[in-house]
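Please examine the structure shown below together with its sequence.

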Amino acid sequence: MEKKVTIQDIADALGLSRNTVSKALNNTGVLAEETRQRVLEKAAEMGYRRFIYLSHPSSSSEENVEIKELALITQNMPYGSHFGTYALNTFQEKISRNNYRLSMFPVRDTEISSLQLPKGFNKEKTAGILCLEMFDPEYIEMLDTLGIPLLFIDTAADTDMTQIRADFLLMENHLSVYNLTDTLIQNGYRNLAFAGEPGHCRSFNERYQGFMHALNDNMLTPAASQFTGRTVFDSPQDLEEAISRTMQLPDVFVCANDFVAIDLIHALKKRGIRIPEDVLVTGFDNSTESRIIDPRLTTVDIPSSKMGYIAADMLLSRIKEPDTPYRIMHVRTTLKFRESTGELKL
């Protein structure tokens with residue numbers, strides 16, 4: 001019989017305390033990101049099976065029910081207030097009621113570049129795969145060749161979703177950012193910039209397209225293109241320098257997500273720039289941080305927990321009915337206007 005890997009086994013292998021390993025595996029407490037990633041990678045390497053959210057204690061008649069395996073494959077394990085954390089919690093709750101458990105496999109850069117499956121992944125034992133934060137196009141195509149039911153929550157910016165044998169679940173991005181941007185324009189703002197990397201993922205790209213669509217419909221052009229990219233957000237110093245080099249800041253920054261917006265707000269404040277008096281800033285995700293930063297951030301709410309239930313339904317139904325036509329689903333999002341955009345006529 002295969003030896004069950006425990007939290008203590010992982011702790012011993014890394015020379016860490018059991019409490020530290022437990023925090024990393026369960027996304028609780030304060031922990032350095034480097035430590036968290038070390039734990040998650042070692043857990044995957046050792047074949048640790050994380051199974052939580054049993055819906056109810058097993059009765060004597062259920063003790064012999066077969067527990068089937070699902071796999072999470074991800075480039076970046078979500079934690080904290082990342083929307084994926086909430087989605088995974090409800091995803092696991094739903095699959096556990098259907099006698100499935102989820103094993104988590106963070107994929108290293110070397111595995112992505114060599115198109116290798118993560119350590120500990122067992123193709124024969126895996127009934128379905130959930131891909132979250134998986135944005136490498138070639139790796140996505142490799143997963144398509146496995147012949148295992150696949151569900152992607154978000155995907156690479158240039159993925160042709162009609163050519164991948166998988167289901168896709170995304171939040172509605174384009175129309176929500178279009179409406180947000182158009183509202184700001186109708187309130188008299190004409191100098192707007194997008195902040196973030198449109199090529200990072202499908203969702204960022206759709207948000208950028210919504211932003212550009214609103215500008216085009218109002219016969220405007222985007223401002224401050226140096227903030228539309230990846231490198232400027234590599235460090236707080238790079239961001240502050242970009243702000244200081246900008247001769248004229250835009251009236252509004254429409255950011256790819258809340259974390260880009262919050263980094264930008266901190267950098268603007270360090271340069272003595274007030275929000276919203278001098279510059280308006282918006283985000284996307286409705287993260288916890290968006291509700292506690294000063295000023296509170298105008299953003300777009302994602303029904304993260306509900307998306308977990310929807311994802312479970314989609315993957316389980318694909319396993320049960322593999323011939324069902326492949327689906328691309330967008331979940332409706334909601335605008336949340338707060339102090340970072342001042343008083344607007346809505």
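In which hand, left or right, does H4 pass H12? The crossing of H4 with H12 is right-handed, where right-handed denotes that the near helix is turned clockwise from the far one by less than a right angle, and left-handed that it is turned anticlockwise. The model is a predicted one, in which local features need pLDDT of at least 70 and side-chain atom pairs count only at pLDDT 80 or more, whereas totals for chains, interfaces and linings use all residues. Residues are numbered from 1 along each chain as its sequence is written, and side-chain values use heavy atoms, with hydrogens and water left out. Helices (H or I, at least four residues) and strands (E, at least two) are DSSP runs, numbered from the N terminus.

Two packed helices are described by the angle between their axes and the distance between the axes. For helix H4 (residues 83-97) and helix H12 (residues 304-320), the axes come within 7 Å and cross at roughly 45°. H4 is therefore oblique to H12; angles under 35 degrees count as roughly parallel, over 145 as roughly antiparallel, 65 to 115 as roughly perpendicular and the rest as oblique. Axes here are lines fitted to C-alpha atoms, for helices over the stretch in contact, and angles run from 0 to 180 degrees between N-to-C directions. The residues of H4 that meet H12 include Phe83, Tyr86, Phe91 and Ile95, and among those contributed by H12 are Met307, Tyr309, Leu315 and Leu316; contact means heavy atoms within 4.5 Å. By class, this contact of H4 with H12 holds eleven nonpolar, four polar and three charged residues. In this classification Ala, Val, Leu, Ile, Met, Phe, Trp, Tyr, Cys and Pro are nonpolar, Asp, Glu, Lys and Arg are charged, and the others, Gly among them, are polar.

Six strands, in the order S2-S1-S3-S4-S5-S10, form an open sheet with parallel pairing; two strands pair if DSSP finds at least two bridges between them. S2 and S10 stand at the edges with a single partner strand each, so one side of each has no neighbour in the sheet. On average, neighbouring strands of this sheet are turned by 20° against each other, direction ignored. H4 packs on this sheet and touches S1, S2, S3, S4 and S5, its direction making about 145° with that of S2. H12 packs on the sheet as well, touching S1, S2, S3, S4, S5 and S10, and its direction makes about 170° with that of S5.

Within this sheet, strand S1 (residues 68-74) is joined to strand S2 (residues 100-106) by seven bridges in a parallel arrangement, with Lys68 opposite Tyr100. S1 also pairs in the parallel sense with strand S3 (residues 126-132), over five bridges, and Ala71 stands opposite Ile129. Six of the seven residues of S1 are buried, so this strand is largely enclosed by the rest of the structure; buried means under 20% relative accessible area, exposed over 50% and partly exposed in between (1.4 Å probe, protein chains only).

Strand S5 (residues 167-171) is mostly covered, with five of its five residues buried. Asp167, Leu169 and Met171 are buried on one side, and Phe168 and Leu170 on the other. Strand S4 (residues 150-153) runs parallel to S5 and is joined to it by three bridges, with Asp167 as the bridge partner of Leu151. Four bridges connect S5 to strand S10 (residues 328-331), again in parallel; Phe168 stands opposite Ile328 and Met171 opposite Val331.

The loop between S5 and H7 contains Asn173. Asn173 is buried, with a relative accessible area of 0%. Not counting residues up to four places away in sequence, Asn173 touches Ser203, Glu206, Arg207 and Phe284.

A further open sheet has three strands in the order S6-S7-S8, with parallel pairing. Strand S6 (192-195) and strand S8 (280-282) are at the edges, each with a single partner strand, so one side of each is left without a neighbour in the sheet. S6 pairs with strand S7 (residues 252-255) in the parallel sense over four bridges, and Ala193 stands opposite Phe253. Helix H7 (residues 174-186) packs on the sheet, touching S6, S7 and S8, with its direction at about 175° to that of S7. Helix H8 (residues 202-217) lies across S6 and S7 and runs at about 175° to S6.
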